[in-house]
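Thanks for making the time, everyone. I would like to walk through one model this morning, going from its helices to its sheet and then to a few single residues.

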Amino acid sequence: MSQSIQYSIIIPVYNEEAVVRETYRRLTEVMEQLGEAYELLFVNDGSRDRTGELVEGMAKRDHRVKLLDFSRNFGHQIAITAGMDYARGDAVIIIDADLQDPPELIPDMIAKWREGYEVVYAKRAKRKGETLFKKWSAALFYRTLHAITEIDIPMDTGDFRLMDRRVCEAMRSIREKNRFVRGLVSWVGFRQTAIEYVRDERFAGETKYPLKKMLRFSMDGITSFSYKPLKLASYLGFFISFSSFLYLLVSLFQRLFTSHSVVAGWTSLIACVLLLNGVILILLGVIGEYIGRIYDETKDRPLYLLRNDPQAVQQELKVVS
Ligand code: UDP
Ligand code: MG
């Protein structure tokens, strides 16, 4: 007998063998209490450990567990995108696998959804067990993003959120390559609200977001939603041209009307040359970030590739007894 699914939970997993069983246990505990049909959609983002096998084992024992198996590591944002592509629920919930986002918050999100909100995102009131560097860099990132983007991307909010199926469908129509999912969810609009929570420590294992991925992620966020870094070139250009012009007037005055020698000053000269070249190179880099992303968009590559048969996955996801 086929029955519609009420809730889809999307769980991206990358080398999470240490936590995946506990995640399954905690999620099942919470979801079973609701007494409605649900699916746990694990997206295995090319794990090199036993994560995939563990999820496959769970899927064999529990028909509510589904696995989307990437052919390699495509990244967290792409993993949740794939989850949204295949989710069948009336409400779709994205949650990290490491239990930093407590599953016990899901019923509260569902309550808000029932009140009529189409997006319920979880705002981190506090972060436990993360390094000072992570907390500060995250705070700085969200504030910079807020300052330079036109659309209102909520601060201190990760991808832990509930979306109505209409929002999920809107998200599916967005196929851009360098995705900053939490920004895109703000961009699609609909009625959105927040609930606050204390972000726990990782249950086990280590962060799967090393500095390099974090930098890439923040660049994607900024470039996807703001041109301001490009405008920096014009602002700096005007400022430097204007101050150079003033300085030129001063030098001319000294040369023509005073006996002050203008020739001395290798130090100031070399300082100007190095500084300006540095600024120019940085701005070229900024332009490069945008051009690289334009190049990515022009290549018509799929966002991700699945190891298991997408048709079969789709079929399986449709039928839930
Ligand atoms: N993740 C993923 N692909 C990646 C990196 C991370 O699917 O390339 C998943 C990871 O398994 C976890 C979630 O994304 O479920 C968040 O990662 P993590 O907890 O390591 O990030 P942090 O909380 O440290 O920012
Ligand atoms: Mg985490």
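Before anything else, a definition: a residue is called buried if 20 or more other C-beta atoms lie within 10 Å of its own, exposed if 12 or fewer do, and partly exposed in between, with the C-beta atoms placed from the backbone. Helices and strands are DSSP runs numbered from the N terminus, helices being H or I with at least four residues and strands being E with at least two. Please keep in mind that this is a predicted model, in which local features need pLDDT of at least 70 and side-chain atom pairs count only at pLDDT 80 or more, while totals for chains, interfaces and linings use all residues. Residues are numbered from 1 along each chain as its sequence is written, and chains are lettered from A and ligands numbered from 1 in the order in which they are written.

Let me begin with helix H10, residues 266-298: of its 33 residues the number buried is 0, so H10 lies largely in the open. From first C-alpha to last, H10 reaches 47 Å, close to the expected 48 Å, where the expected span is 1.5 Å times one less than the number of residues. Helix H9, residues 228-257, has 30 residues and reaches 43 Å, close to the 44 Å expected, and H9 is hardly covered, with a count of buried residues of 0.

Now to the sheet. Which order do the strands take? There are 7 of them in an open sheet, ordered S3-S2-S1-S4-S6-S5-S7, with mixed pairing, where two strands pair if DSSP finds at least two bridges between them. S3 and strand S7 (192-199) stand at the edges with a single partner strand each, so one side of each is left without a neighbour in the sheet. The twist averages 20° from one strand to the next.

S3, residues 65-69, is at an edge of the sheet, and yet S3 is mostly covered, as 5 of its 5 residues are buried. Val65, Leu67 and Asp69 point one way from S3, whereas Lys66 and Leu68 point the other way. In general, side chains in a regular strand alternate between the two faces of the sheet. S3 runs parallel to strand S2 (residues 38-44), to which 5 bridges join it; among the bridge partners, Leu40 goes with Val65 and Phe42 with Leu67.

What packs on this sheet? Helix H1 lies across S1 and S2, running at about 165° to S1, and helix H7 (residues 181-188) lies across strand S5 (119-127) and S6, at about 40° to S6. These angles run from 0 to 180 degrees between N-to-C directions, and the axes are lines fitted to C-alpha atoms, for helices over the stretch in contact.

H1 (residues 20-34) also meets helix H2 (residues 51-61), their axes coming within 10 Å and crossing at roughly 35°. Val20, Arg21 and Tyr24 of H1 make this contact with Thr51, Leu54, Val55 and Met58 of H2, residues being in contact if their C-beta atoms, placed from the backbone, lie within 7 Å.

Turning to ligand 1, there are 16 residues around it, of which Pro12, Tyr14, Ala97, Thr207 and Lys208 come nearest; a residue is near a molecule or strand if its C-beta atom, placed from the backbone, lies within 6 Å of it. Strand S1 (7-13) and helix H3 (76-86) each supply at least two residues of this shell.

Finally, some single residues. Asn15, in the loop between S1 and H1, has a positive phi of about 50° although it is not a glycine, and Asn15 is buried, with 20 other C-beta atoms within 10 Å.

Notes. Two residues are in contact if their C-beta atoms, placed from the backbone, lie within 7 Å.
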